[in-house]
Each structure stands twice: as structure tokens, then as C-alpha cells.
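Please read them alongside the sequence and the coordinates.

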Amino acid sequence: MKTHTINYKDGSDEFEGFVANDEKLGSGGEKPCVVICHAWGGQGEFEREKAKALAGLGYIGFAMDVYGRGKRGKNPEENTKLMTPLVQDRGLLHRRLEAGMNAARSVAGVNTSKMGAIGFCFGGMCALDLARHGSAGLRGVVSFHGLFMAPPANVVKPGK
């Protein structure tokens, strides 16, 4: 199993994605990719372990980051402070989700026409938002105990 981080940007904001790929699995060609959207505490060990588990099933796992490199909550108060601005500004959240998807698409070996997204709680809402926006190559999403509030209609631009 090979893992590494990749840095990516949305404007001047910097983010860090985590990639897991078991190169022993698959034919050596492109593989489907599953993007893991993090819960309210930020990308951490839980999301990285999910990426590794998915890599063990033959996918490329990509744990995205929507808060920013090194921005993680340590308690419910900090988690809320990180999550709330993105829940309130779904346009900003959408830009960060697309930046993460573009980073995942750029990973060597990813079949960009066969991508999925999963997320837990806040991350479940993020996965649903990716589906609502029609993110390119996204074949399916799964929201685990996700937040179901849809973004305002003027933010959703399906078929992008």
C-alpha cells in the first residue's frame, strides 16, 4: 500500500489531500477513485483509514480537506467554528469541494470517469452537495448520518 499527501489550492487557500493506493490490486491501468469527505473535525486518521480500506478493495482512496492545511478541530467548539462558515456559505463550500475533486482527478492512475464520494455527518452533506452540483465523473455518493440541508437553489448548478 502506498500513501502520500498532495497539496492543492482554492485561490490563495491551501489544502492537503491524502491518497491511498494498493498498487498490487488492479491491472496496472486506471482505477476508480472514492473521495472521502471529512466530518466536522477536519481530515484526520478516521478519513485516512477509510482511504486505505478503500485502496485495499482496489480503489484509489482520496481523503479531501475543505478546512485548509493543518486546520483541525480538537473539540466540539472548535469543530463548530470550522464547519459553520462553510454551512452558511455553500458557494464557498462548493468551490472547496470542487478543488478537492480536481486534486483527486489529478492523482496518477485515477479513472476520472469512475469516481464516487462518501462522507460522514458534515462530510455526508459535502458528498450530497457534490451530487447536487453534478461534479464531473461522479458516479455515486453515500452519506453516512449526513446533514441533509440542501444549499440554496442559486448555489446549485447541476450538470457542470
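1. Phe18 stands opposite Ala63 of strand E4. The strands involved are E2 (residues 13-21) and E4 (residues 60-63), which run antiparallel and are joined by four bridges. Note that this is a predicted model, and every value here should be read as computed from it.

2. E2 and E4 belong to an open sheet of six strands, in the order E1-E2-E4-E3-E5-E6. The pairing in this sheet is mixed. Its edges are strand E1 (2-10) and strand E6 (138-144), each of which pairs on one side only. On average, neighbouring strands are turned by 25° against each other, with direction ignored.

3. What packs on the sheet? Helix H1 (residues 45-55) does, and the strands it touches are E1, E2, strand E3 (31-37), E4 and strand E5 (110-120). The direction of H1 makes about 35° with that of E2. Helix H4 (residues 122-133) lies across E3, E5 and E6, and runs at about 140° to E5.

4. Helix H3 (residues 90-105) has 16 residues. From its first C-alpha to its last, H3 reaches 22 Å, close to the 22 Å expected at 1.5 Å a residue. Is H3 enclosed or open to the outside? Of its 16 residues, 14 are buried, so H3 is largely enclosed by the rest of the structure.

5. Two packed helices are described by the angle between their axes and the distance between the axes. For H3 and H4 the angle is about 85° and the axes are 10 Å apart. H3 is therefore roughly perpendicular to H4, a label that covers 65 to 115 degrees.

6. Which residues make the contact between H3 and H4? On the H3 side they are Arg90, Leu93, His94, Leu97, Glu98 and Met101. These meet Phe122, Met125, Cys126, Asp129, Leu130, Arg132 and His133 in H4. By class, the contact has seven nonpolar, two polar and four charged residues.

7. For the chain as a whole, there are four helices and six strands. Along the sequence they follow the pattern β-β-β-α-β-α-α-β-α-β. Buried residues make up 48% of the 160 residues. Of the contacts between residues at least 6 apart in sequence, 68% join residues at least 24 apart.

Notes:
Residues are numbered from 1 along each chain as its sequence is written. This is a predicted model: local features need pLDDT of at least 70, side-chain atom pairs count only at pLDDT 80 or more; totals for chains, interfaces and linings use all residues. Side-chain values use heavy atoms; hydrogens and water are left out. Two strands pair if DSSP finds at least two bridges between them. Helices (H or I, at least four residues) and strands (E, at least two) are DSSP runs, numbered from the N terminus. Axes are lines fitted to C-alpha atoms, for helices over the stretch in contact, and angles run from 0 to 180 degrees between N-to-C directions. Contact means heavy atoms within 4.5 Å. The expected span of a helix is 1.5 Å times one less than its number of residues. Buried means under 20% relative accessible area, exposed over 50%, partly exposed in between (1.4 Å probe, protein chains only). Angles under 35 degrees count as roughly parallel, over 145 as roughly antiparallel, 65 to 115 as roughly perpendicular and the rest as oblique. Ala, Val, Leu, Ile, Met, Phe, Trp, Tyr, Cys and Pro count as nonpolar, Asp, Glu, Lys and Arg as charged, and the others, Gly among them, as polar.
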